[in-house]
Amino acid sequence: MNNTHKLVSAFESSLNIEAGLVVDSLEYNTIPQWDSVAHMVLIAGLEKEFGVLFDMDDIIEMSSVKIAKELLTKHGIEF
Amino acid sequence: MQDWTEINPLHLSRVEKKAWLLPQLNQLTQLHSENCERYANILNGTGLPLVASEFDDVPYLAARLFKLLRLSSVEEGDVFKTLTSSGTTSQVKSQIVLDKQTASLQTKVLVKLLSSITGKSRRPMLLVDRQGLTNDKSGFSARGAGVQGLSFLGRDHTYALNEDLTPNWERIDQFIEKYKGQSVLIFGFTFMVWQYFVTELLNRGDRSLFDNAILFHSGGWKKLQDKAVDNHTFKSTTREILGESAAIHNFYGMVEQIGSVFVECSHGHLHASAYSDIIIRNQNTLEPAAFGEQGQIQVMSFIPRSYPGHSILTEDLGRLLGEDDCSCGWKGCYFEVIGRLPKTEIRGCSDVF
């Protein structure tokens, strides 16, 4: 599984949404499934999947799928 | 105007704070008078100018008004979430209308403020509450919002209590085993931390579990005063369980102003950060009280954009102890909360000013 697939799968299972919804433009708090509670589940899911640890600034900044990719890139994950 | 994210929240002096926060508050008075008709009507009745030249002159609403009226400065379609107070001391709950911008600012400000104490790395976190608390999306309680906001500071979130508020020993023991001796983060409401966690672990014989722990706790002291537990007893007993060097910070905050909380320093004083301010008003005259004088607590915050809650007269009593010169090193007004205004003295809503 490449990193994009891993990312989509982490979003899919953490937020309990269809893989098709996981596109760059999907934003935090725009669908009921991605609220502040689910956000923490998502963070844990991404950390586990990619073996990284986000700091507080990262998780506050992570307001879209696109930004999630950028933050992971900052942690050395390539897309 | 300086962006709030560039400010060191606990190290802004009076002069700098006035230059930054007062214009923010004046802007909010203006914004709400333009967008909330009820607020505009109340302001008109007072004849006060929209632009205050001192913090003392910023118009304020009585906290109980949020129990009587739905006060909103946004269109219904933009309402993202309505927070309700826990309603433990009163039948009627406060209603706080949040749009996306204000809800997001609450979390960001809370994290910025508390991470200036904890550092930016997320610690293993034990929440002294029940797991299902934040699951109910429709009616988000203030307690749920508090737990949710604080959870941004942690990782591997572990809920210490069962649905019936008894300790979940299995989860607690797993957490202890995994993180014993490490700098964990613990959060809960003061009474719950005491009653369902500290007392239980003390009885079980647990000692010095997490020497570098940071404990944040919030909520009223009323139930603990009934048990003759004051802040000193709370801290010394909690340190028996966690360890002598555990940092224990109470914080004071209103559901009307989630995000800009007042955190207790190492010297046991609650401080206003750069994002908020506090005024003590004489209970009878409502004039600002001098340092050391008891009075009603007024809180101000730059966060509330979706509802006119940037300046609120609470029903709590407190005393200002000083400003910018606390020996802990943090700036800001520092104060203590004494208790609630006695019921018989609560003013009618016609008395909001």
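View 1. What you see is a predicted model, where local features need pLDDT of at least 70, side-chain atom pairs count only at pLDDT 80 or more, and totals for chains, interfaces and linings use all residues. Residues are numbered from 1 along each chain as its sequence is written, while chains are lettered from A and ligands numbered from 1 in the order in which they are written. In chain B, domain 1 takes in 4-98 + 253-340 and domain 2 covers 106-251; such bounds come from an automatic or database domain assignment.

**View 2. This one shows where domain 1 of chain B meets domain 2 of chain B.** Here 22 residues of domain 1 are in contact with 19 residues of domain 2 (in contact: C-beta atoms, placed from the backbone, lie within 7 Å). Strands (E, at least two residues) and helices (H or I, at least four) are DSSP runs, numbered from the N terminus. Sorted by class, that side of domain 1 has ten nonpolar, ten polar and two charged residues. Nonpolar means Ala, Val, Leu, Ile, Met, Phe, Trp, Tyr, Cys and Pro; charged means Asp, Glu, Lys and Arg; the others, Gly among them, are polar.

**View 3. Next up is B:Ser327, sitting in a loop of chain B.** The loop runs between β14 (311-323) and β15 (333-340). Is B:Ser327 buried or exposed? B:Ser327 is exposed, because it has 10 other C-beta atoms within 10 Å (12 or fewer counts as exposed, 20 or more as buried, and in between as partly exposed, with C-beta atoms placed from the backbone).

**View 4. Now for chain A, with four helices and zero strands.** Its pattern along the sequence is α-α-α-α. The C-alpha trace of chain A spans about 30 × 30 × 20 Å along its principal axes. Of the 79 residues in chain A, 29% are buried.

**View 5. Finally, here is where chain A touches chain B.** Eleven residues of chain A are in contact with 15 residues of chain B. Both α2 (36-50) and α3 (56-61) of chain A supply at least two residues of the chain A side. α3(A) gives the most, with four residues. By class, the chain A side divides into six nonpolar, two polar and three charged residues.

Technical notes. Contact = placed C-beta atoms within 7 Å.
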